[in-house]
Amino acid sequence: MLYYLFTYLDQQFNFPGAGVFQYLSFRAGAAITLSLLIAAVYGRQIIDRLRKLQIGEEIRDLGLEGQMQKRGTPTMGGFIILASLVFPTLLFAKLTNVYIVLLLVSTVWTGLIGFIDDYIKVFKKNKEGLQGKFKVVGQVGLGLIVGLTLYFNEHVKIRVYKPGLISTSIGQVEYGAYQDIKSMSTTVPFLKNNDFNYTSLLPDFIPGEYTWILYVAIVIFIVTAVSNGANITDGIDGLAAGTSVIIGLTLGVFAYLSNNKPFSQYLSIMYIPNSGEMVIFCAAFVGACIGFLWYNSYPAQVFMGDTGSLMLGSIIAVLALATRKELLIPIVCGIFLVELVSVIMQVSYFRYTKRRYGEGRRIFLMSPLHHHFQKKGYHEAKIVTRFWIVAIILAVISLVTLKLR
(Lines give C-alpha, C1' and ligand atoms only; values in the text may rest on other atoms or scores of the structure.)
Protein backbone atom coordinates (compact mmCIF):
# COMPACT_ATOMS: atom_id res chain seq x y z
CA MET A 1 0.00 0.00 0.00
CA LEU A 2 2.78 2.42 0.87
CA TYR A 3 4.41 1.54 -2.45
CA TYR A 4 1.40 2.84 -4.36
CA LEU A 5 1.01 5.88 -2.12
CA PHE A 6 4.61 7.02 -2.51
CA THR A 7 4.65 6.20 -6.22
CA TYR A 8 1.62 8.48 -6.63
CA LEU A 9 3.26 11.24 -4.58
CA ASP A 10 6.44 10.94 -6.61
CA GLN A 11 4.72 11.04 -10.00
CA GLN A 12 2.11 13.67 -9.24
CA PHE A 13 3.87 15.99 -6.81
CA ASN A 14 7.56 15.08 -7.09
CA PHE A 15 7.46 14.54 -3.33
CA PRO A 16 11.04 14.54 -1.92
CA GLY A 17 12.26 11.04 -1.10
CA ALA A 18 9.16 9.28 -2.46
CA GLY A 19 11.13 7.75 -5.34
CA VAL A 20 13.11 5.57 -2.93
CA PHE A 21 10.13 3.21 -2.83
CA GLN A 22 10.98 2.16 -6.38
CA TYR A 23 14.09 0.38 -5.10
CA LEU A 24 13.79 -3.26 -4.07
CA SER A 25 16.65 -2.92 -1.62
CA PHE A 26 14.91 -0.12 0.31
CA ARG A 27 11.56 -1.89 0.45
CA ALA A 28 13.20 -5.18 1.46
CA GLY A 29 15.09 -3.42 4.25
CA ALA A 30 11.92 -1.71 5.42
CA ALA A 31 9.99 -5.01 5.31
CA ILE A 32 12.48 -6.95 7.42
CA THR A 33 12.76 -4.09 9.92
CA LEU A 34 9.01 -3.74 10.32
CA SER A 35 8.50 -7.51 10.61
CA LEU A 36 11.10 -7.66 13.39
CA LEU A 37 9.46 -4.74 15.20
CA ILE A 38 5.98 -6.27 14.97
CA ALA A 39 7.25 -9.60 16.33
CA ALA A 40 9.21 -7.90 19.12
CA VAL A 41 6.53 -5.41 20.18
CA TYR A 42 3.38 -7.46 19.72
CA GLY A 43 4.83 -10.94 20.22
CA ARG A 44 4.73 -10.58 24.00
CA GLN A 45 1.14 -9.34 23.88
CA ILE A 46 0.11 -12.30 21.72
CA ILE A 47 1.82 -14.73 24.09
CA ASP A 48 0.11 -13.16 27.11
CA ARG A 49 -3.22 -13.37 25.30
CA LEU A 50 -2.68 -17.03 24.45
CA ARG A 51 -1.74 -17.75 28.07
CA LYS A 52 -4.83 -15.91 29.31
CA LEU A 53 -7.00 -18.04 27.01
CA GLN A 54 -5.19 -21.10 28.44
CA ILE A 55 -3.99 -22.13 24.99
CA GLY A 56 -1.22 -24.33 26.33
CA GLU A 57 0.57 -27.22 24.70
CA GLU A 58 -0.52 -30.68 25.80
CA ILE A 59 2.72 -32.66 25.96
CA ARG A 60 2.72 -36.40 25.37
CA ASP A 61 5.23 -38.16 27.59
CA LEU A 62 7.82 -39.59 25.18
CA GLY A 63 10.46 -40.07 27.83
CA LEU A 64 12.59 -37.15 26.65
CA GLU A 65 14.63 -35.12 29.11
CA GLY A 66 12.98 -31.82 30.07
CA GLN A 67 9.93 -32.59 27.98
CA MET A 68 7.28 -32.42 30.68
CA GLN A 69 8.58 -29.05 31.86
CA LYS A 70 7.13 -27.60 28.67
CA ARG A 71 3.58 -28.57 29.57
CA GLY A 72 1.33 -25.52 29.42
CA THR A 73 3.64 -23.44 27.21
CA PRO A 74 1.38 -21.35 24.92
CA THR A 75 0.96 -22.70 21.42
CA MET A 76 -0.52 -21.18 18.24
CA GLY A 77 2.44 -18.79 18.23
CA GLY A 78 2.34 -19.03 14.46
CA PHE A 79 0.08 -15.99 14.68
CA ILE A 80 3.19 -13.97 15.55
CA ILE A 81 4.82 -15.08 12.30
CA LEU A 82 1.60 -14.55 10.35
CA ALA A 83 1.11 -10.97 11.54
CA SER A 84 4.80 -10.08 11.21
CA LEU A 85 4.84 -11.42 7.65
CA VAL A 86 1.55 -10.27 6.16
CA PHE A 87 1.49 -6.61 7.28
CA PRO A 88 4.96 -5.62 5.96
CA THR A 89 4.19 -7.43 2.69
CA LEU A 90 0.92 -5.53 2.30
CA LEU A 91 2.68 -2.24 3.00
CA PHE A 92 5.81 -2.55 0.87
CA ALA A 93 5.15 -5.04 -1.95
CA LYS A 94 3.28 -4.58 -5.23
CA LEU A 95 -0.04 -6.20 -4.46
CA THR A 96 -0.86 -6.70 -8.13
CA ASN A 97 2.16 -8.96 -8.55
CA VAL A 98 1.05 -12.55 -9.19
CA TYR A 99 3.81 -14.03 -7.05
CA ILE A 100 2.94 -11.85 -4.05
CA VAL A 101 -0.75 -12.73 -4.35
CA LEU A 102 0.12 -16.43 -4.57
CA LEU A 103 2.41 -16.25 -1.53
CA LEU A 104 -0.18 -14.38 0.55
CA VAL A 105 -2.86 -16.91 -0.38
CA SER A 106 -0.49 -19.76 0.56
CA THR A 107 0.31 -18.08 3.89
CA VAL A 108 -3.31 -17.60 4.92
CA TRP A 109 -4.46 -20.95 3.49
CA THR A 110 -2.06 -23.18 5.38
CA GLY A 111 -2.15 -20.90 8.41
CA LEU A 112 -5.88 -21.60 8.57
CA ILE A 113 -5.38 -25.36 8.23
CA GLY A 114 -2.83 -25.26 11.04
CA PHE A 115 -5.12 -23.12 13.20
CA ILE A 116 -7.95 -25.64 12.84
CA ASP A 117 -5.56 -28.42 13.84
CA ASP A 118 -4.32 -26.50 16.89
CA TYR A 119 -7.88 -25.50 17.83
CA ILE A 120 -9.00 -29.13 17.90
CA LYS A 121 -5.98 -30.09 20.01
CA VAL A 122 -6.38 -27.28 22.53
CA PHE A 123 -10.10 -26.62 22.83
CA LYS A 124 -11.52 -30.03 21.88
CA LYS A 125 -8.83 -31.78 23.95
CA ASN A 126 -8.08 -34.12 21.04
CA LYS A 127 -4.33 -34.73 20.95
CA GLU A 128 -4.53 -36.03 17.38
CA GLY A 129 -5.85 -32.72 16.09
CA LEU A 130 -7.23 -32.43 12.59
CA GLN A 131 -7.38 -35.81 10.86
CA GLY A 132 -4.52 -36.38 8.46
CA LYS A 133 -6.80 -36.86 5.46
CA PHE A 134 -8.28 -33.39 5.94
CA LYS A 135 -4.81 -31.85 6.21
CA VAL A 136 -3.83 -33.56 2.97
CA VAL A 137 -7.01 -32.33 1.26
CA GLY A 138 -6.13 -28.78 2.29
CA GLN A 139 -2.54 -29.14 1.07
CA VAL A 140 -3.70 -30.66 -2.22
CA GLY A 141 -6.13 -27.76 -2.63
CA LEU A 142 -3.30 -25.28 -2.19
CA GLY A 143 -1.15 -27.29 -4.60
CA LEU A 144 -3.92 -27.05 -7.21
CA ILE A 145 -4.14 -23.27 -6.80
CA VAL A 146 -0.37 -22.83 -7.00
CA GLY A 147 0.14 -25.23 -9.91
CA LEU A 148 -2.71 -23.89 -12.04
CA THR A 149 -1.69 -20.28 -11.38
CA LEU A 150 1.97 -20.82 -12.26
CA TYR A 151 1.03 -22.73 -15.40
CA PHE A 152 -1.82 -20.65 -16.81
CA ASN A 153 -1.40 -17.11 -15.47
CA GLU A 154 -0.28 -14.82 -18.29
CA HIS A 155 2.10 -12.89 -16.01
CA VAL A 156 4.15 -15.98 -15.11
CA LYS A 157 6.79 -16.00 -17.83
CA ILE A 158 10.51 -16.23 -18.38
CA ARG A 159 12.54 -13.79 -20.49
CA VAL A 160 14.69 -15.39 -23.18
CA TYR A 161 17.13 -14.06 -25.75
CA LYS A 162 15.96 -14.46 -29.37
CA PRO A 163 18.77 -14.09 -31.92
CA GLY A 164 18.07 -12.93 -35.47
CA LEU A 165 19.41 -11.12 -38.54
CA ILE A 166 19.05 -7.57 -39.78
CA SER A 167 20.12 -6.09 -43.11
CA THR A 168 22.44 -3.07 -43.22
CA SER A 169 24.22 -1.13 -45.95
CA ILE A 170 27.31 -3.30 -45.48
CA GLY A 171 25.51 -6.62 -45.24
CA GLN A 172 23.82 -8.69 -42.58
CA VAL A 173 24.77 -8.58 -38.93
CA GLU A 174 23.52 -10.62 -36.05
CA TYR A 175 21.27 -9.05 -33.50
CA GLY A 176 18.87 -10.24 -30.87
CA ALA A 177 16.17 -9.18 -28.48
CA TYR A 178 14.60 -10.39 -25.25
CA GLN A 179 11.10 -11.82 -25.29
CA ASP A 180 8.81 -12.92 -22.49
CA ILE A 181 7.47 -16.40 -23.15
CA LYS A 182 5.36 -18.99 -21.36
CA SER A 183 7.53 -21.92 -20.46
CA MET A 184 7.40 -24.84 -18.06
CA SER A 185 11.16 -25.00 -17.83
CA THR A 186 12.94 -25.31 -14.51
CA THR A 187 16.56 -25.26 -13.38
CA VAL A 188 18.60 -28.44 -12.92
CA PRO A 189 21.43 -27.90 -10.42
CA PHE A 190 25.05 -28.78 -11.22
CA LEU A 191 24.42 -29.11 -14.98
CA LYS A 192 25.55 -26.81 -17.78
CA ASN A 193 22.75 -25.59 -20.07
CA ASN A 194 20.60 -26.62 -17.16
CA ASP A 195 17.07 -25.75 -18.29
CA PHE A 196 14.66 -28.67 -18.11
CA ASN A 197 11.14 -28.63 -19.57
CA TYR A 198 8.47 -30.74 -17.94
CA THR A 199 6.99 -31.50 -21.35
CA SER A 200 9.90 -33.85 -22.02
CA LEU A 201 8.60 -36.13 -19.25
CA LEU A 202 5.46 -36.89 -21.21
CA PRO A 203 5.37 -40.05 -23.36
CA ASP A 204 5.46 -39.44 -27.11
CA PHE A 205 1.80 -40.39 -27.55
CA ILE A 206 0.58 -37.67 -25.14
CA PRO A 207 0.29 -34.17 -26.67
CA GLY A 208 2.31 -31.37 -25.08
CA GLU A 209 -0.79 -29.39 -24.13
CA TYR A 210 -1.41 -31.91 -21.35
CA THR A 211 1.80 -30.93 -19.60
CA TRP A 212 -0.26 -28.92 -17.12
CA ILE A 213 -1.67 -32.11 -15.58
CA LEU A 214 1.83 -33.44 -14.91
CA TYR A 215 3.06 -30.08 -13.65
CA VAL A 216 0.15 -29.57 -11.26
CA ALA A 217 0.65 -33.10 -9.87
CA ILE A 218 4.34 -32.32 -9.23
CA VAL A 219 3.43 -29.01 -7.54
CA ILE A 220 0.91 -30.77 -5.28
CA PHE A 221 3.58 -33.29 -4.26
CA ILE A 222 6.15 -30.57 -3.54
CA VAL A 223 3.77 -28.37 -1.52
CA THR A 224 2.53 -31.33 0.52
CA ALA A 225 6.00 -32.77 1.13
CA VAL A 226 7.71 -29.52 2.15
CA SER A 227 4.77 -28.44 4.31
CA ASN A 228 4.76 -31.76 6.16
CA GLY A 229 8.55 -31.69 6.41
CA ALA A 230 8.46 -28.32 8.17
CA ASN A 231 5.63 -29.55 10.40
CA ILE A 232 7.66 -32.59 11.52
CA THR A 233 10.79 -30.49 12.05
CA ASP A 234 8.93 -28.32 14.56
CA GLY A 235 9.67 -30.58 17.51
CA ILE A 236 12.22 -28.76 19.64
CA ASP A 237 12.73 -25.11 20.52
CA GLY A 238 13.85 -22.93 17.62
CA LEU A 239 14.56 -25.68 15.10
CA ALA A 240 11.87 -25.04 12.48
CA ALA A 241 11.98 -21.24 12.74
CA GLY A 242 15.79 -21.02 12.58
CA THR A 243 16.01 -23.43 9.66
CA SER A 244 13.32 -21.44 7.83
CA VAL A 245 15.36 -18.24 8.26
CA ILE A 246 18.31 -19.85 6.45
CA ILE A 247 16.11 -21.25 3.67
CA GLY A 248 14.24 -17.95 3.29
CA LEU A 249 17.50 -16.01 2.88
CA THR A 250 18.70 -18.46 0.23
CA LEU A 251 15.49 -18.30 -1.80
CA GLY A 252 15.50 -14.51 -1.45
CA VAL A 253 18.92 -14.43 -3.13
CA PHE A 254 17.59 -16.60 -5.96
CA ALA A 255 14.58 -14.34 -6.39
CA TYR A 256 16.77 -11.23 -6.57
CA LEU A 257 19.20 -12.73 -9.09
CA SER A 258 16.38 -14.06 -11.26
CA ASN A 259 14.97 -10.54 -11.65
CA ASN A 260 18.33 -8.89 -12.34
CA LYS A 261 19.32 -8.84 -16.01
CA PRO A 262 23.12 -8.47 -15.60
CA PHE A 263 23.32 -11.15 -12.90
CA SER A 264 21.03 -13.56 -14.74
CA GLN A 265 23.14 -13.15 -17.89
CA TYR A 266 26.43 -13.57 -16.03
CA LEU A 267 25.24 -16.61 -14.09
CA SER A 268 23.32 -18.08 -17.06
CA ILE A 269 20.15 -18.49 -15.04
CA MET A 270 16.54 -17.88 -15.99
CA TYR A 271 15.44 -14.28 -16.11
CA ILE A 272 12.01 -14.26 -14.42
CA PRO A 273 10.23 -10.91 -14.89
CA ASN A 274 8.53 -9.49 -11.78
CA SER A 275 10.15 -12.08 -9.50
CA GLY A 276 11.99 -9.32 -7.67
CA GLU A 277 8.89 -8.58 -5.59
CA MET A 278 9.42 -11.92 -3.90
CA VAL A 279 12.53 -10.38 -2.31
CA ILE A 280 10.18 -8.15 -0.29
CA PHE A 281 8.22 -11.18 0.85
CA CYS A 282 11.40 -13.13 1.67
CA ALA A 283 12.68 -10.19 3.73
CA ALA A 284 9.44 -10.03 5.72
CA PHE A 285 9.50 -13.83 6.07
CA VAL A 286 13.05 -13.83 7.46
CA GLY A 287 12.27 -10.95 9.82
CA ALA A 288 9.12 -12.67 11.08
CA CYS A 289 10.97 -15.93 11.77
CA ILE A 290 13.84 -14.15 13.55
CA GLY A 291 11.35 -12.15 15.60
CA PHE A 292 9.54 -15.34 16.54
CA LEU A 293 12.86 -16.93 17.53
CA TRP A 294 13.21 -14.23 20.20
CA TYR A 295 10.45 -16.02 22.08
CA ASN A 296 10.87 -19.55 20.69
CA SER A 297 14.58 -20.08 21.35
CA TYR A 298 15.44 -22.42 24.21
CA PRO A 299 13.71 -22.41 26.65
CA ALA A 300 10.70 -21.56 24.50
CA GLN A 301 8.12 -19.09 25.80
CA VAL A 302 5.75 -20.03 22.97
CA PHE A 303 5.38 -22.77 20.36
CA MET A 304 4.36 -22.00 16.79
CA GLY A 305 2.06 -25.02 16.56
CA ASP A 306 0.72 -26.25 13.25
CA THR A 307 -0.53 -22.69 12.69
CA GLY A 308 3.09 -21.75 12.01
CA SER A 309 4.85 -24.93 10.87
CA LEU A 310 2.48 -25.86 8.04
CA MET A 311 2.57 -22.23 6.90
CA LEU A 312 6.38 -22.09 6.84
CA GLY A 313 6.63 -25.21 4.68
CA SER A 314 4.04 -24.06 2.15
CA ILE A 315 5.68 -20.63 1.80
CA ILE A 316 9.09 -22.21 1.16
CA ALA A 317 7.61 -24.61 -1.40
CA VAL A 318 5.88 -21.81 -3.32
CA LEU A 319 9.02 -19.64 -3.27
CA ALA A 320 11.08 -22.51 -4.70
CA LEU A 321 8.50 -23.18 -7.42
CA ALA A 322 8.13 -19.51 -8.35
CA THR A 323 11.90 -19.04 -8.70
CA ARG A 324 12.14 -22.28 -10.75
CA LYS A 325 14.39 -23.86 -8.12
CA GLU A 326 12.15 -26.74 -7.06
CA LEU A 327 14.79 -29.31 -7.99
CA LEU A 328 17.04 -27.70 -5.39
CA ILE A 329 14.55 -28.43 -2.62
CA PRO A 330 16.30 -31.68 -1.54
CA ILE A 331 19.42 -29.59 -0.91
CA VAL A 332 18.19 -26.24 0.36
CA CYS A 333 15.45 -27.93 2.45
CA GLY A 334 17.69 -30.82 3.39
CA ILE A 335 16.82 -30.59 7.10
CA PHE A 336 13.10 -30.85 6.36
CA LEU A 337 13.77 -33.74 3.97
CA VAL A 338 15.87 -35.74 6.44
CA GLU A 339 13.33 -35.22 9.23
CA LEU A 340 10.48 -36.36 6.98
CA VAL A 341 12.37 -39.34 5.58
CA SER A 342 13.41 -40.45 9.08
CA VAL A 343 9.73 -40.74 10.04
CA ILE A 344 8.85 -42.61 6.83
CA MET A 345 11.76 -45.01 7.33
CA GLN A 346 10.93 -45.61 10.99
CA VAL A 347 7.25 -46.29 10.41
CA SER A 348 7.82 -48.43 7.29
CA TYR A 349 10.54 -50.55 8.92
CA PHE A 350 8.51 -50.99 12.09
CA ARG A 351 5.50 -52.25 10.13
CA TYR A 352 7.63 -54.49 7.93
CA THR A 353 9.44 -56.15 10.84
CA LYS A 354 6.21 -56.56 12.81
CA ARG A 355 4.64 -58.31 9.86
CA ARG A 356 7.70 -60.49 9.25
CA TYR A 357 9.02 -61.20 12.75
CA GLY A 358 5.97 -60.63 14.89
CA GLU A 359 7.45 -57.60 16.64
CA GLY A 360 8.24 -54.15 15.37
CA ARG A 361 11.86 -53.01 15.21
CA ARG A 362 13.24 -49.50 14.86
CA ILE A 363 16.02 -47.90 12.87
CA PHE A 364 16.27 -44.84 15.14
CA LEU A 365 15.80 -44.60 18.88
CA MET A 366 12.92 -42.28 18.06
CA SER A 367 11.74 -40.36 15.02
CA PRO A 368 11.86 -37.70 13.71
CA LEU A 369 15.63 -37.48 13.71
CA HIS A 370 16.00 -34.70 16.30
CA HIS A 371 14.31 -36.93 18.88
CA HIS A 372 16.83 -39.68 18.08
CA PHE A 373 19.63 -37.37 19.19
CA GLN A 374 17.67 -36.36 22.27
CA LYS A 375 17.37 -40.03 23.20
CA LYS A 376 21.15 -40.31 22.82
CA GLY A 377 21.55 -37.66 25.50
CA TYR A 378 22.27 -34.52 23.46
CA HIS A 379 20.83 -31.29 24.86
CA GLU A 380 18.19 -29.86 22.55
CA ALA A 381 20.01 -26.52 22.28
CA LYS A 382 23.07 -28.35 20.94
CA ILE A 383 20.92 -30.34 18.49
CA VAL A 384 19.28 -27.16 17.19
CA THR A 385 22.60 -25.36 16.77
CA ARG A 386 24.13 -28.25 14.86
CA PHE A 387 21.07 -28.60 12.64
CA TRP A 388 21.34 -24.88 11.87
CA ILE A 389 25.01 -25.35 10.92
CA VAL A 390 24.04 -28.17 8.54
CA ALA A 391 21.27 -25.95 7.09
CA ILE A 392 23.83 -23.17 6.45
CA ILE A 393 26.16 -25.63 4.70
CA LEU A 394 23.26 -26.81 2.52
CA ALA A 395 22.35 -23.19 1.74
CA VAL A 396 25.93 -22.47 0.64
CA ILE A 397 25.91 -25.57 -1.57
CA SER A 398 22.63 -24.38 -3.11
CA LEU A 399 24.12 -20.98 -3.91
CA VAL A 400 27.28 -22.60 -5.28
CA THR A 401 25.12 -24.37 -7.89
CA LEU A 402 24.81 -20.98 -9.61
CA LYS A 403 28.40 -21.36 -10.86
CA LEU A 404 29.42 -24.97 -10.22
CA ARG A 405 28.17 -26.88 -13.27
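Trainee: Which residues do ring pairs link into a cluster here?
Mentor: Tyr151, Phe152, Phe196, Tyr198, Trp212 and Tyr215. Rings of Phe, Tyr and Trp (its six-membered ring) pair if their centres lie within 6.5 Å. Keep in mind that this is a predicted model, where local features need pLDDT of at least 70, side-chain atom pairs count only at pLDDT 80 or more, and totals for chains, interfaces and linings use all residues. Residues are numbered from 1 along each chain as its sequence is written, and side-chain values use heavy atoms, with hydrogens and water left out.

Trainee: How many aromatic pairs does that rule give?
Mentor: The count is 14 aromatic pairs. One of them, tyrosine 151 with tyrosine 215, is tilted, at 6.2 Å centre to centre and 40° between the planes. Planes under 30 degrees apart count as stacked, over 60 as edge-to-face and the rest as tilted.

Trainee: Are tyrosine 151 and tyrosine 215 buried or exposed?
Mentor: Both tyrosine 151 and tyrosine 215 are buried (under 20% relative accessible area, with a 1.4 Å probe and protein chains only).

Trainee: OK, switching to helices. What angle do helix 3 and helix 9 pack at?
Mentor: About 150°, with the axes of helix 3 (residues 78–92) and helix 9 (residues 277–296) 8 Å apart. That makes helix 3 roughly antiparallel to helix 9 (angles over 145 degrees count that way). Axes are lines fitted to C-alpha atoms over the stretch in contact, with angles from 0 to 180 degrees between N-to-C directions. Helices are DSSP runs (H or I, at least four residues), numbered from the N terminus.

Technical notes
Helix = DSSP H or I, 4+ residues; strand = E, 2+ residues; numbered from the N terminus. Parallel < 35°, antiparallel > 145°, perpendicular 65-115°, else oblique. Buried < 20%, exposed > 50% of the residue type's maximum accessible area, 1.4 Å probe, protein only.
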